[in-house]
Amino acid sequence: MIRLRSLGECVIDLGGVRVGPESEVLFALLLYLIVERGHRVPRARLIELCWPGESDERARHNLRQGLYKAKQLGAMIGQDAG
């Protein structure tokens, strides 16, 4: 279960692991995925939001790493080739 607390302390709780705004990109990535829960989010959209100034190759690498980290922390993120 992922729980988002937005009143008072803003934190994403991944079953005991807390991700706060100090984890800037991971927090933003998870927050956007929570807001869009149930909708397909293209990788290009996540790259555009989280790594707008990076080269395409670097941004795709950063996205893979961010999703990997989120899954390691317990986020259940469905993926496909898009």
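Predicted model: local features only at pLDDT ≥ 70, side-chain atom pairs only at ≥ 80, totals over all residues.
Leu 33 has its place in helix H1. Setting aside neighbours within four places in sequence, Leu 33 is in contact with Val 41, Leu 46, Leu 67 and Ile 77. There is also a distance to note: Leu 33 and Leu 49 are 16 residues apart along the chain, and their C-alpha atoms are separated by 12 Å.

In general, a pair of packed helices is described by the angle between the two axes and the distance between them.

Consider H1 and H2. Helix H1 spans residues 24-35, and its axis comes within 10 Å of that of H2, with a crossing of roughly 135°. An angle of that value makes H1 oblique to H2. As for handedness, the crossing in which H1 passes H2 is right-handed. On the H1 side the contact is made by Val 25, Leu 29, Tyr 32 and Leu 33, and on the H2 side by Arg 45, Leu 46, Leu 49 and Cys 50. By class, the residues of this contact are seven nonpolar, no polar and one charged.

Two residues of that contact deserve a further remark. Cys 50 is placed in helix H2. Is Cys 50 buried or exposed? Its relative accessible area is 17%, under the 20% limit, so Cys 50 counts as buried. Leaving out neighbours within four places in sequence, Cys 50 is in contact with Val 25 and Leu 29. Cys 50 and Tyr 32 are 18 residues apart in sequence, and their C-alpha atoms lie 9.8 Å apart in space.

I turn now to H1 and H3. The axes of these two helices also come within 10 Å, and they cross at roughly 75°. That angle makes H1 roughly perpendicular to H3. In this contact, Leu 26, Leu 29, Leu 30 and Leu 33 of H1 meet Leu 63, Gly 66, Leu 67, Lys 69 and Ala 70 of H3. The classes here are seven nonpolar, one polar and one charged.

Leu 31 is found in helix H1, and with a relative accessibility of 28% it counts as partly exposed. Beyond its neighbours within four places in sequence, Leu 31 is in contact with Leu 4 and Ile 12. Between Leu 31 and Met 76 there are 13 Å in space, C-alpha to C-alpha, for a separation of 45 residues in sequence.

H2 contributes Arg 43, Leu 46 and Ile 47 to the contact, while H3 contributes Ala 59, Arg 60, Leu 63, Arg 64 and Leu 67. These residues divide into five nonpolar, no polar and three charged.

From H3 I would also mention Asn 62, which lies in that helix. Asn 62 is buried, its relative accessible area being 15%. Apart from neighbours within four places in sequence, Asn 62 is in contact with Trp 51 and Glu 54.

Finally, the charged pairs. How many salt bridges does the structure hold? There are two.

One of the salt bridges joins Arg 45 to Glu 48, with a distance of 2.5 Å between the closest N and O atoms. Both residues lie in helix H2, residues 43-50, at a spacing of three residues, or about one turn of the helix. Arg 45, at 31% relative accessibility, counts as partly exposed. Arg 45 also belongs to the contact between H1 and H2.

The other salt bridge joins Arg 60 to Asp 56, and there the closest N and O atoms are 3.0 Å apart. Arg 60 and Asp 56 are four residues apart in helix H3, residues 56-72, so about one helical turn separates them. With a relative accessibility of 39%, Arg 60 counts as partly exposed. Arg 60 is also one of the H3 residues in the contact with H2.

Technical notes:
Residues numbered from 1 in each chain as written. Heavy atoms only, no water. Salt bridge = Lys/Arg side-chain N within 4 Å of Asp/Glu carboxyl O. Buried < 20%, exposed > 50% of the residue type's maximum accessible area, 1.4 Å probe, protein only. Axes fitted to C-alpha atoms, helices over the stretch in contact; angles between N-to-C directions. Parallel < 35°, antiparallel > 145°, perpendicular 65-115°, else oblique. Left-handed = near helix turned anticlockwise from the far one by under 90°. Contact = heavy atoms within 4.5 Å. Nonpolar A, V, L, I, M, F, W, Y, C, P; charged D, E, K, R; others polar.
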